[in-house]
Amino acid sequence: PVAAKAMAARHNLPPRHLETILQALVRQGILKGVRGPRGGYELARERRRITAGDIVRAAMTATGEDGLPPLPESRLVEAVVEPVVRQAAEAFLAELDAVTVDELCRQADARVAVGTVEMADFTI
């Protein structure tokens with residue numbers, strides 16, 4: 001298990017914000033929390049069974065966002081613009097659903113192996 005503080009420091013994120021996201025990932029069954037002095041978070045499922053879409057949806061839920069900016073209140077916007085924006089958001093999430101955490105880790109490992117990025121730490 002990896003402590004939230006360690007992950008926050010590694011990725012230069014505010015710990016409180018990260019903790020909110022991690023808890024949402026636990027509620028969605030993506031992570032599991034391990035209590036105790038050596039506790040933290042670890043994957044609740046195999047990497048190949050978690051998609052980028054799963055993670056983004058959980059994060060959007062945690063932050064109270066539906067992924068869309070607020071639109072002006074207007075019948076025209078409601079009838080014309082909003083459906084197009086929603087369709088684009090759904091297409092974006094569908095693309096993310098086709099990418100697993102395992103695939104992302106393999107791509108990163110390949111880039112580390114050829115020297116295009118520095119050594120990565122995928123521990124969660």
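User: Where is asparagine 12 found?
Analyst: Asparagine 12 sits in the loop between H1 and H2. Its phi is near 55 degrees, a positive value in a residue other than glycine.

User: What kind of model is this, and how are residues numbered?
Analyst: It is a predicted model: local features need pLDDT of at least 70, side-chain atom pairs count only at pLDDT 80 or more, and totals for chains, interfaces and linings use all residues. Residues are numbered from 1 along each chain as its sequence is written, and side-chain values use heavy atoms, with hydrogens and water left out.

User: OK, overview. How many helices and strands are there?
Analyst: The chain has 5 helices and 2 strands. Their order from the N terminus is α-α-β-β-α-α-α. Helices (H or I, at least four residues) and strands (E, at least two) are DSSP runs, numbered from the N terminus.

User: How much of the chain counts as buried?
Analyst: Of its 124 residues, 24% count as buried.

User: And which residues have the most contacts inside the largest nonpolar core?
Analyst: Met7, Leu18, Leu22, Leu25, Ile30, Leu31 and Tyr41, in a core of 17 residues. Helices H1 (4–10), H2 (15–27), H3 (52–63) and H5 (101–114) each give two or more residues to this core. The largest share, 5 residues, comes from H2. A nonpolar core here is a set of buried Ala, Val, Leu, Ile, Met, Phe, Trp, Tyr and Cys residues joined through side-chain atoms within 4.5 Å.

User: Why would such residues be buried together?
Analyst: In soluble globular proteins, nonpolar side chains tend to be buried together.

User: Take leucine 18. Buried or exposed?
Analyst: Leucine 18 counts as buried, because its relative accessibility is 10%. Its place is in helix H2.

User: What is leucine 18 in contact with?
Analyst: Leaving aside neighbours within four places in sequence, leucine 18 contacts Ala4, Met7, Ala8 and Leu13. Contact means heavy atoms within 4.5 Å. Leucine 18 and methionine 7 are 11 residues apart in sequence and 8.3 Å apart in space, C-alpha to C-alpha.

User: Switching to helix packing. At what angle do H2 and H3 pack?
Analyst: At about 120 degrees, with their axes 8 Å apart. H2 and H3 are therefore oblique to each other. Axes are lines fitted to C-alpha atoms, for helices over the stretch in contact, and angles run from 0 to 180 degrees between N-to-C directions. Angles under 35 degrees count as roughly parallel, over 145 as roughly antiparallel, 65 to 115 as roughly perpendicular and the rest as oblique.

User: Which residues meet there?
Analyst: From H2, His17, Thr20, Ile21, Ala24 and Leu25; from H3, Ile55, Ala58, Ala59, Ala62 and Thr63. By class, that contact of H2 with H3 has 7 nonpolar, 3 polar and no charged residues. Ala, Val, Leu, Ile, Met, Phe, Trp, Tyr, Cys and Pro count as nonpolar, Asp, Glu, Lys and Arg as charged, and the others, Gly among them, as polar.

User: What about isoleucine 55: what does it contact?
Analyst: Isoleucine 55 touches Leu25, Ile30, Ile50 and Val101, leaving aside neighbours within four places in sequence. Isoleucine 55 is partly exposed, with a relative accessible area of 31%. Isoleucine 55 and glutamine 28 are 27 residues apart in sequence and 8.8 Å apart in space, C-alpha to C-alpha.

User: And H3 with H4, how do their axes cross?
Analyst: The axes of H3 and helix H4 (residues 75–97) come within 6 Å and cross at roughly 130 degrees. That makes H3 oblique to H4. The contact is made by Ala52, Gly53, Asp54, Val56, Arg57 and Met60 of H3 and Leu93, Leu96 and Asp97 of H4. Its residues divide into 5 nonpolar, 1 polar and 3 charged.

User: Last one. Where does threonine 51 lie?
Analyst: Threonine 51 is in the loop between strand E2 (40–43) and H3. At 13% relative accessibility, threonine 51 counts as buried. Not counting residues up to four places away in sequence, threonine 51 touches Leu96, Asp97, Val99 and Thr100.

Methods
Buried < 20%, exposed > 50% of the residue type's maximum accessible area, 1.4 Å probe, protein only.
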